[in-house]
Amino acid sequence: MPESQMVLEIRNLVKSYGERLILNGISLDIHEAEVLVVIGPSGCGKSTLLRCLNGLEPINSGDIYLDGGLITGPDTDWCEIRQKIGMVFQSYELFPHLTVIDNILLGPTKVQKRKRADVIPEANNWLERVGLLDRADAYPRQLSGGQKQRVAIVRALTMQPKVMLFDEVTASLDPEMVREVLDVMLELATQGLTMVIVTHEMGFARAVADKVIFMDKGVIVESAGPEEFFDHPQSERAKRFLNIFEFTGIHRVAAG
């Protein structure tokens, strides 16, 4: 992809829980409209990295810059930063007593103090684009898992973030519901949304990524374009990881 403006810069990020080192000197550059996919074995630090990027986990050392401004200083207003760095989790975290549209409007109206009447057209536009406009007045209990996850994505997008973080958003879904969520994310990628995606869906990773980073034991072992990484991994650790997916056949889900 052509060189574009830097959105996120991560420099020598270290995170530990007591004596257990989770992230060991992570450095990354993420450009505008870039899709960075993070893969690696369970427990390698992928999800912790995302949670550090929007302040859900405090870091031990290192720096994170958003649009050139340091966001890891002692005076950082993480409530404000999270409006710019949105995140979608494995669990949907929808309020069960609120309808779909009210779940979506809660952040823009309560946190950003935008007028409900101004946000509704934007929310409805996103719902239409993910195929859920007819479910705007439904409650979470009336939705499938895939529908709930699409609502969670719309809720984050309606906050108008600069960057979106996706933490294994299909991990809790039944297999038949995975594709509908991945298709939404693939469309977002084609529209130029800056995204950092943690996933175990290797086919999807190859289809959506501008760059793939492979992590193991808290460090970046390998970083490359998707074709280079999946066709010609350089490290022995990445080769073993990909061979496991080839052997089990569990990486064949791709948006399409």
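Residues are numbered from 1 along each chain as its sequence is written. In this predicted model, local features need pLDDT of at least 70 and side-chain atom pairs count only at pLDDT 80 or more, while totals for chains, interfaces and linings use all residues; side-chain values use heavy atoms, with hydrogens and water left out. Helices (H or I, at least four residues) and strands (E, at least two) are DSSP runs, numbered from the N terminus.

Six strands form an open sheet. Their order is β6-β7-β8-β3-β9-β10, and the pairing is mixed. Two strands pair if DSSP finds at least two bridges between them. β6 (85–88) and β10 (219–224) stand at the edges. Each has a single partner strand, so one side of each is left without a neighbour in the sheet. From one strand to the next, the twist averages 20 degrees. Inside this order, β3 (residues 35–39) pairs with β8 (residues 194–198) in the parallel sense, over four bridges. Valine 35 has methionine 195 of β8 as its bridge partner.

Helices lie across the sheet strands. Helix α1 (residues 46–53) lies across β3, β6, β7 (163–167), β8 and β9 (211–216). α1 runs at about 150 degrees to β7. Helix α6 lies across β3, β7 and β8, and runs at about 145 degrees to β8. Axes are lines fitted to C-alpha atoms, for helices over the stretch in contact, and angles run from 0 to 180 degrees between N-to-C directions.

Two packed helices are described by the angle between their axes and the distance between the axes. Helix α5 (residues 145–157) packs with α6 (residues 175–190) at about 20 degrees, with the axes 8 Å apart. The two are therefore roughly parallel (angles under 35 degrees). Contact means heavy atoms within 4.5 Å. α5 contributes Gly145, Gly146, Gln147, Gln149, Arg150, Ile153 and Leu157. α6 contributes Met177, Glu180, Val181, Val184, Met185 and Leu188. These residues divide into seven nonpolar, four polar and two charged. Ala, Val, Leu, Ile, Met, Phe, Trp, Tyr, Cys and Pro count as nonpolar, Asp, Glu, Lys and Arg as charged, and the others, Gly among them, as polar.

Helix α5 also packs with α3 (residues 100–111). Their axes come within 8 Å and cross at roughly 30 degrees. α3 and α5 are therefore roughly parallel to each other. Val100, Asn103 and Ile104 of α3 meet Val151, Val154 and Arg155 of α5. By class, this contact has four nonpolar, one polar and one charged residues.

Notes. Parallel < 35°, antiparallel > 145°, perpendicular 65-115°, else oblique.
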